[in-house]
Amino acid sequence: MAVNLRVSVRDLVSHGLSTGDLVYGFTGSGRLIKAIRAHQKIQRRRPAGYQPEVTVSHTVESSAIRLKIGGRIDGVWPTDESILIEEIKTTTQPSETAIKKENPLHWGQLKCYAYMYAVAHDLETIKGQLTYYHLETGRTFEYRQVFELKPLADFFNGLVLNYLTWMETVAGWQTRRNAAIHQTPFPYPHYRPGQRQMAVVVFRTIRDGAHLMVQAATGIGKTMAVLFPAIKVLGEELTKKIFYLTARTTGRLAAEKTLAILRKNGLAIKSLTLTAKDKICFEPDAACNPEECPFAKGYYDRYRAAVETAFKQDALTRTVIEDICRQFDICPFALSLELTNWVDVIICDYNYVFDPRVSLKELLEEQKQSCIFLVDEAHNLVDRSREMFSATLTKQPFLTVRRMFKGDLSGLHRRMGHINQWFLKIRKQGEDDTAPRIETSAPEGLISTLSTFVHETDRWLAKNKKTAYREPLLELYFNVTNFLRVIETYDDRYVTCYEPNDRDFQITLFCIDPSFQLSTALKRSCSAVFFSATLTPMDYFIDLFGSGENTRRLIVPSPFPPQNQCVIICTRISTRYRSRNQTRPAVLAAIRTILDARPGNYLFYFPSHEYMRDVHALFDNIGSNGAVKVQAPNMTETERENFIGHFSKKKSGSRLAFAVMGGIFGEGIDLAGDRLNGVAIVGVGLPAISWQRELIRDYFQHQTGLGYEYAYIYPGINRVLQAAGRVIRSEKDIGIILLVDDRFNTAPYRNLLPGEWQPVKALDPHEIKEILTDFWQTAHRVSG
C-alpha cells in the first residue's frame, strides 16, 4: 500500500536545486511583512483578468509513495498569445546586474508552477515571468521565458524523482521503525512501583490529544515512563514527532541513555540532540558567511551527502553530528536544523519550542499539531518562560555602538542619538526615586524611535558589509527587535520597569504571567506531558503553563520504603531574614548534630549565598570533622565537577558541602548510595524579595487571591523538595532530611510536603540527635 505524502513546491525545489554557500544573509525583522505588501502591490497593478494566489497541485505515484505536490502561484493571467504565470520575489540587491543573475531556486519554482498549471489545463506552451520588487527603491524587474511542456516535464520529473528516491528511503525507515516499535518490549523484567501506572496514563493522554501534569518521585524512572509510551504512540502513527524538552544537561543525558537502552532491546528510532549554536560552532570567532567560515563555503554542495550519511545513524548526538560535519566540512548547527525534518525524536532545550526568538516554528507549523511535547523538570519552565517573554534595553550599548561608526552612518548615528536623549529624559524624571519606577503601560514615546532605528539598521545590514562595528550593531539590532516584538504582545500581563543600573539606565518589559504565550505554543502540539518530581501544587503550574482546566493530573508517590528516610522538622528555629543573626548559632548546632549522630556525607542547603557563607564561617571557626566544599557564584564547569567529585565513593572520612537552594547543585545531581547520607535544608526556600516578585504577588493576589503563594511560597517549596530529592535515589538508599525552620510546622508549608514523608518534630539539638541515632541504629540492623 502506497504511503501518502505531501510536499510544497518550494521544499521540492529546495531539496533538488540548493547549491553553493551557506549564507546567513541579513533579511531584517520586517522583511516578511514588506514582502507580502510588495506582492499585493504588484498584484493590484495587473490588468483585468489577472488571478492572484492560484492554488495548484499535482500527484505523482511510485510503487511505495503517493506524493502530492502543492503550492500557490502568485499570479495567472491570459495574454494575447498564451497564459502567463508569475512568480514574485523581493530583493535588496544593489544593482540590476546582481538581480538579473539567475537564481536557480526562483526559476525552479516558476518552472514547477508552469508545468503543474500546463498539465492541469492541457497547455503545450506557457509563459513564465519572474518579477523582482526592490524593497528600497520600489522598482520592479521582470524577466520572461516561454516554456514548452516537454522540457518542463523533464525538469519537473527530475526533481520529483530525486525527491521520491529520498522519501522512499524515509518511508522505508518509517515502516521498519513502526514494526520495531510494535515488537519492542519494556526493557526491564519489571516496572518500578508506580512506573507502569505513569506510562499507561501518558499513553492514553497522548492518544487522546490531551495535556498531562505528572509529579513523580525521584527514582521512579520518569524518563522511561514518558518516552516508552510516547514512542508506542508514534508507532501507531498517531503523531509524527516527539520533542523531549529539557533545561539541563542531566535531562539530555537521561533521554539519550533511555533511548540507548530501548535500542538494545530492539527499538529502531532516530533521535537528534540539538546543541546551541554557540556551543557546537567550529569557528566561533568567524561570521556566518563563506568569506570567513570554511564550513559555510560550499555547504549546499555537500550537505545532501551529509544528511544521507547522518540518516544511517540512529543516535545523532552532539559528538556524532560533529564527526559527520568534520567529514563533510559543513556547519554542524545548520545540519542539525536540517535533520530535525527527518528524525523521530528531538532532544533540545525548552527555547526551541517556547521562545519566539529561536523556536522551530516553521517545523512545528508544517507538522500541523502532530508533535508531542515531553517537558522534563517542568517546574523550571515557570521562570524560564518569564525570561523568554520579557525584554530589557539598556542605555549604554547605544552610546558604545554609536561611537564606533561615527562619520560612517550619519542617519543611523542621529537616530541612536534620539534614543539616548529619550533615555536621559526618562532617567531625569525619576532621578529622585530610590526604587525602580513601575508603569502598567508600554513606553509609547520610545516605540516610534526604536522602529525608525530598526528600519534604518535593516537597510544597512541588508548590504552585508563587513565592518568592525557590524557584529555589535547586529547584536543591538536583535535586542531592539526583540523589545519591539514583546511590545506587540504587551497587555495587562506585563509591566514596564524603569531602573538605574550602576551608572547606566535600563527599561524592562516584564512578563508577570506567561500563561497566555505558553498556551499559544502548546497549540502547536497534539499533546504535552509536563513531568517533574516537584509540581506542587498542581493548580499553580496548570495555571501558569496555560494548559487549561482539562489538563489531566497524576501524582506518583515515592516507590521506596518510607523507613529508609528520616525527616525531621526543627520547630524552634526561625530563619526569617530578621531573625538570622540571632539564630545562626542554633542553625549551626542543628546541622552539626547530624555529624554527631553519624559521620558521613552531607549537603547543607541555604536560601542565599550570603546566609550560607555566614553559617559556614561559624562552622569553619569551630572546626569540623570532615572535608568541606562551599558553592561559589559563577563556578566553571571544572569547579562544578570538583564539587560533585568531592562526594566520590573512593574518598574516606566525612564529606560536607554548603550549597544554595535552587542553584546548580539544588537539583539534577545524582549521589546514590553512601555518596550522600543526608541533607539539611535551612529555610523554606523563598525567593529573595524583589520588585519582580512583588509585582507577581500583587498581580496574582488580584487574579487568584493567592499572591504571596504564587510569588514566594510555591516557588520556595519546590526548591525545598528538589533539594530533599537528592537523598533517596534508589530502593537501597538510606538517608535523612533535616528541615531547619519553624514554618515547616505551619499549615501553609506542612500541607505542601509529600504525604509519605511523615516528619518528626524536634525542639532542640538533643532531640535531633536522639531521633537520628535511633534511625541509624534501626536502619543499620535492617540493612545488615
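# A guided tour of the predicted model

Start by selecting Gly 546, which comes directly after helix 21 and has a positive phi, near 65 degrees. This is a predicted model, in which local features need pLDDT of at least 70, side-chain atom pairs count only at pLDDT 80 or more, and totals for chains, interfaces and linings use all residues. Residues are numbered from 1 along each chain as its sequence is written, and side-chain values use heavy atoms, with hydrogens and water left out.

Next, select helix 21 itself, residues 538-545; helices here are DSSP runs of H or I with at least four residues, strands are runs of E with at least two, and both are numbered from the N terminus. Six of the eight residues of helix 21 are buried, so that the helix is mostly covered, where buried means under 20% relative accessible area, exposed over 50%, and partly exposed in between, with a 1.4 Å probe and protein chains only. To see the buried residues of helix 21, display Met 538, Tyr 540, Phe 541, Ile 542, Leu 544 and Phe 545.

Move on to Ser 579, in the loop between strand 19 (565-570) and helix 22 (580-597). Ser 579 counts as buried, at 13% relative accessibility, and its side chain makes a polar contact with the side chain of Ser 574 at 3.3 Å. A polar contact is a pair of N or O atoms within 3.5 Å; within protein, one must be able to donate a hydrogen and the other to accept it, and residues adjacent in sequence count only if both atoms are side-chain atoms.

Now go to Leu 105, which has its place in helix 4 (residues 104-120) and is partly exposed, with a relative accessible area of 29%. With its neighbours within four places in sequence left aside, Leu 105 is in contact (heavy atoms within 4.5 Å) with Val 13, Ser 14, Leu 17 and Ser 18.

The cysteines come next. Select Cys 293, which is buried at 10% relative accessibility, and then Cys 281, which holds the cysteine sulfur closest to that of Cys 293, at 6.1 Å, too far for a bond. Cys 325 is buried as well, at 0% relative accessibility, and the closest cysteine sulfur to its own, in Cys 331, is 7.0 Å away, again too far for a bond. Over the whole structure, the search finds zero disulfides, a disulfide being a pair of cysteine sulfur atoms within 2.5 Å.

On a 1 Å grid over the protein atoms alone, a cavity is a set of points where a 1.4 Å probe fits but cannot get out, and a pocket is an open set with protein on both sides within 12 Å along at least five of seven lines; lining residues have an atom within 4 Å of a point. Grid points are joined across faces, edges and corners, and a volume is the space filled by probe spheres set on the points.

The structure has three cavities of 30 Å³ or more, and the largest cavity has a volume of about 140 Å³. Of the 15 residues lining the largest cavity, select Lys 277, Cys 281, Cys 288, Cys 293 and Cys 331, which lie nearest its centre.

Finish at the second largest pocket, with a volume of about 980 Å³. Among its 32 lining residues, Gly 221, Thr 223, Ala 254, Asp 670 and Arg 729 are the closest to its centre. Helix 8 gives the most to this lining, with seven residues.
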